[in-house]
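Here's a quick tour for anyone meeting this structure for the first time. Take a look, and then we'll walk through its fold and its charged pairs.

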Amino acid sequence: MPRTTRTPTPEGTITRGTTGINRLRRSDRWLTHSPIVRGVLAAASDPLVVDLGYGARPDTTLELAHRLRTVRPDLRVTGLEIDPARVVPSTENVTFARGGFELAGLRPNLVRAFNVLRQYPENAVPDAWSRILAGLAPGGLLVDGTCDELGRRCAWILLDASGPISLTLAWDPFTVHTPSDIAERLPKALIHRNVPGERIHELLTAADKAWSTAAPLAPFGPRVRWRAALKQLAANGLPTTVPRRRLRDNILTVPWDAVAPG
């Protein structure tokens with residue numbers, strides 16, 4: 001008799017499933033321009049992306065597929081949900097299936113898990129990371145992120161098989177008053193660490209100070225003001241770079257070592 005492949009038992013718990021159209025646009029834009037992400041997708045012979053925990057509707061998975069296919073038109077995308085009631089039929093060349101941290105036995109080159117681990121206790125994060133990373137294709141990446149309901153405040157951690165690589169903060173220039181306003185949307189690994197003595201607190205404090213110093217540029221708009229603040233942070237020794245291209249979003253990316261919990 002032919003051998004049948006058994007689908008792994010989904011690992012994880014059912015989350016609230018809140019979602020919204022265009023909610024993850026800031027992270028999608030970053031992914032399409034990130035050199036490391038583009039490199040991984042370009043090098044894959046048959047690139048596969050998994051959107052883990054897409055929620056009650058598949059909108060953000062379809063948006064992710066559309067945006068990443070500007071990088072690799074032949075990209076395969078699968079949305080995974082641990083709640084079987086949320087699994088929808090395939091559409092727009094995107095597959096949907098039941099799965100959790102085990103990734104339904106798939107070996108993706110990139111996994112996006114947004115607003116998933118936020119609903120877990122902090123001590124569950126390392127095991128969840130390890131389980132997802134173990135299922136990646138060689139050289140694969142994981143994006144663990146969190147955002148508010150409208151996607152105006154976002155933060156995500158990029159990881160590879162060795163662990164966290166970087167933290168990125170991204171926000172709407174016109175609705176967020178100070179960089180530290182992003183603190184309430186930090187990923188679970190950092191959200192409880194925003195206290196004096198922790199690196200993430202030092203980062204947000206420095207970002208607010210640079211933002212304040214750049215206040216004379218406010219008449220030219222929040223994007224110009226943030227670019228000046230970002231240049232000041234880099235000049236003061238923060239390991240970050242000022243993007244050469246103009247950005248819709250205010251963004252700050254730093255190596256994980258700059259914010260890793262003490």
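The chain has 7 helices and 8 strands, counted as DSSP runs (helices H or I, at least four residues; strands E, at least two) and numbered from the N terminus. This is a predicted model, where local features need pLDDT of at least 70 and side-chain atom pairs count only at pLDDT 80 or more, while totals for chains, interfaces and linings use all residues. Residues are numbered from 1 along each chain as its sequence is written, and side-chain values use heavy atoms, leaving out hydrogens and water.

Of the 262 residues, 52% count as buried (under 20% relative accessible area; exposed is over 50%, partly exposed in between, with a 1.4 Å probe and protein chains only).

Now for the charges. The count comes to 16 salt bridges, each a side-chain nitrogen of Lys or Arg within 4 Å of a carboxyl oxygen of Asp or Glu. Here are some of them:

| Pair | N to O distance |
|---|---|
| Glu 11 and Arg 131 | 2.9 Å |
| Asp 249 and Arg 26 | 2.4 Å |
| Arg 67 and Glu 63 | 4.0 Å |

Glu 11 sits in the segment before helix H1 and Arg 131 in helix H4, so this pair ties together parts 120 residues apart in sequence.

Asp 249 pairs with Arg 26, linking the loop between helix H7 and strand S8 to helix H1. Asp 249 is buried at 5%, and Arg 26 is buried at 4%.

Arg 67 and Glu 63 both lie in helix H3, 4 residues apart.
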